[in-house]
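Please look over the two chains shown below before reading on.

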Amino acid sequence: MINKKTHWLKSHLTLPLIFALGLFFLNPTPAYAMHIAEGILPASWAAIWYVIAAIFVGIGIFVIRKRIKEIRGLMPLLGIAGALIFLVSVFPVPVPVSGSCSHPCGTPLGAILVGPFISTVLGAVALLIQALFLAHGGISTWGANIVSMALVGSFVGFGAFILFRRFNAPIFVAAFAAGLFGDWATYATTAFVLASALHGTGSLWGMFGAICVAFAPTQLALGILEGLFTGGVVTLVYQRRPELLSRIIPRAFKTMPSAEKGGS
Amino acid sequence: MKSLSKIIATGIVVVFVALAVWGWLALSGQVPEGAEGPWGGVDVNVIEKYAVDAGREAREPFINTDQGDLLLFVFALGGAVGGFVGGYYWRRLVTEKSGKEKSSQSG
């Protein structure tokens with residue numbers, strides 16, 4: 001009886017507690033990274049990014065409604081993907097040698113778990129909460145931040161994963177590539193968003209290059225970390241519940257005969 | 001053929017990682033020192049630096065929680081709620097067995 005109770009407590013409380021304690025101790029200050037703060041973009045540019053973001057978020061909401069009816073048990077996956085994107089995208093990581101801090105995006109992982117359109121919506125929600133309550137990002141720059149982190153991070157990560165799986169790359173390698181390229185593409189887009197709005201009479205591509213070089217010492221290393229994280233989580237989910245992943249992108253998991261045995 | 005494409009795909013990733021490590025070390029002196037100094041976030045040291053140079057400064061957020069310990073409270077609360085949601089669903093998705101699996105094991 002006692003053993004049963006102990007087992008129940010272990011199975012129900014250990015992981016949530018580790019998550020929560022880890023967050024309390026490892027995450028005591030806000031992260032500062034790709035989020036463009038309130039007021040940095042002129043209104044006209046902010047509006048353009050809002051329109052682009054709205055199109056994809058709208059499609060994403062439509063896809064969520066459709067998928068929820070089709071796929072039983074999608075809600076828990078949306079819950080965990082949303083929580084992961086929220087947490088990962090405010091998690092400050094100090095980068096040795098460079099001496100600066102930044103954060104991963106989480107959207108490449110979200111895109112592999114739930115698809116790129118749904119991941120865009122989850123990223124948008126995470127960015128809204130961060131802008132409203134964590135002084136991180138901004139309401140006027142929400143559209144631009146959605147485009148760089150939620151939209152580009154999701155689609156580039158998803159595209160890289162599919163591409164590498166087509167070339168028969170192992171699950172970990174393909175997911176690693178998704179994290180790596182999704183992260184870099186997010187920061188390159190942030191550089192483009194800034195350069196396009198702020199280059200003035202100077203060269204757009206000159207400013208874009210300068211911002212990319214300024215991001216590079218931090219983000220090149222962080223992209224590798226995001227790749228390792230994405231590869232690790234996708235491999236773990238694939239080994240434990242391959243059917244979760246194959247429902248979203250069946251083609252990418254079709255050529256895995258060892259899946260049922262838990263290998264890749 | 002399959003194993004060759006697997007090797008090529010893995011090799012491409014390895015080359016990108018090697019280039020990234022080289023770029024990270026080679027460019028480490030290029031990190032602009034912004035208002036936050038060492039270990040500052042790139043949004044202040046890079047984004048806000050370029051914005052200020054272009055004549056645009058960041059405004060105060062609409063809801064400014066960056067006062068005293070308020071931000072720490074909101075951040076920890078958000079982290080805890082997010083952590084519990086993540087942990088709960090992780091358990092349901094990864095560690096908990098479905099009814100079908102349970103019945104096939106017992107039967």
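How many residues does α2(B) have, and how far does this helix reach from its first C-alpha to its last? In this predicted model, α2(B) has twelve residues and reaches 15 Å between those two atoms, which is close to the 16 Å expected at 1.5 Å a residue. Several of its residues are buried, namely B:Val42, B:Asp43, B:Asn45, B:Val46, B:Ile47, B:Glu48, B:Tyr50 and B:Ala51. What covers these buried residues includes parts of the other chain, with β2, α7 and α8 of chain A among the covering elements. Just after the helix, B:Gly55 takes a positive phi of about 85°.

B:Trp39 lies between α1 (2-26) and α2 (42-53) of chain B, and, not counting residues up to four places away in sequence, it touches A:Pro94, A:Gly99, A:Ser100 and A:Cys101. Back along the chain, B:Leu25 is 14 residues from B:Trp39 in sequence and 16 Å from it in space, C-alpha to C-alpha.

Chain B as a whole has four helices and zero strands, and of its 107 residues 26% count as buried. Chain A has ten helices and two strands, which run α-α-α-β-β-α-α-α-α-α-α-α from the N terminus on. Buried residues make up 55% of the 264 residues in chain A. Of the contacts in chain A with a separation of 6 or more, 74% are between residues 24 or more positions apart.

The largest nonpolar core has 101 residues, of which A:Ala177 and A:Leu194 touch the most other members. The largest share of this core, 19 residues, comes from α7(A), and the core also draws at least three residues from each of domain 1 (1-58) and domain 2 (64-107) of chain B. The surroundings of A:Leu194 include both chains: leaving aside its neighbours within four places in sequence, this residue is in contact with A:Ile36 and A:Ile211, and also with B:Ile47 and B:Tyr50. The last two return us to α2(B), where B:Ile47 and B:Tyr50 are among the buried residues.

Another helix to follow is α2 (residues 43-70) of chain A, which has 28 residues and reaches 40 Å from its first C-alpha to its last, close to the 40 Å expected at 1.5 Å a residue. Within α2(A), the residues A:Ala46, A:Trp49, A:Ala53, A:Phe56, A:Val57 and A:Gly60 are buried, and what covers them includes α5, α6 (142-166) and α7 of chain A.

Two loops of chain A deserve a look at the backbone. Most residues other than glycine have a negative phi. A:Val97, in the loop between β1 (93-95) and β2 of chain A, has a positive phi near 70°, and A:Ala135, in the loop between α5 and α6 of chain A, has a positive phi near 50°. Is each of these residues buried or partly exposed? A:Val97 is partly exposed because 14 other C-beta atoms lie within 10 Å, while A:Ala135 counts as buried because it has 23 C-beta neighbours inside 10 Å.

Finally, a word on confidence. Chain A averages a pLDDT of 84, and 82% of the residues score at least 70. Over residues 15-32 of chain A, however, the pLDDT is below 50, although this stretch has 46 contacts in the model beyond near neighbours in sequence. Over residues 255-264 of chain A the pLDDT is also below 50, and this stretch has 13 such contacts. Where pLDDT is low, the predicted coordinates should not be read in detail.

Definitions and conventions: Residues are numbered from 1 along each chain as its sequence is written. Chains are lettered from A and ligands numbered from 1 in the order in which they are written. This is a predicted model: local features need pLDDT of at least 70, side-chain atom pairs count only at pLDDT 80 or more; totals for chains, interfaces and linings use all residues. A nonpolar core is a set of buried Ala, Val, Leu, Ile, Met, Phe, Trp, Tyr and Cys residues joined through C-beta atoms within 7 Å. A residue is buried if 20 or more other C-beta atoms lie within 10 Å of its own, exposed if 12 or fewer, and partly exposed in between; C-beta atoms are placed from the backbone. Domain bounds come from an automatic or database domain assignment. Two residues are in contact if their C-beta atoms, placed from the backbone, lie within 7 Å. pLDDT is the predictor's confidence in each residue, from 0 to 100. The expected span of a helix is 1.5 Å times one less than its number of residues.
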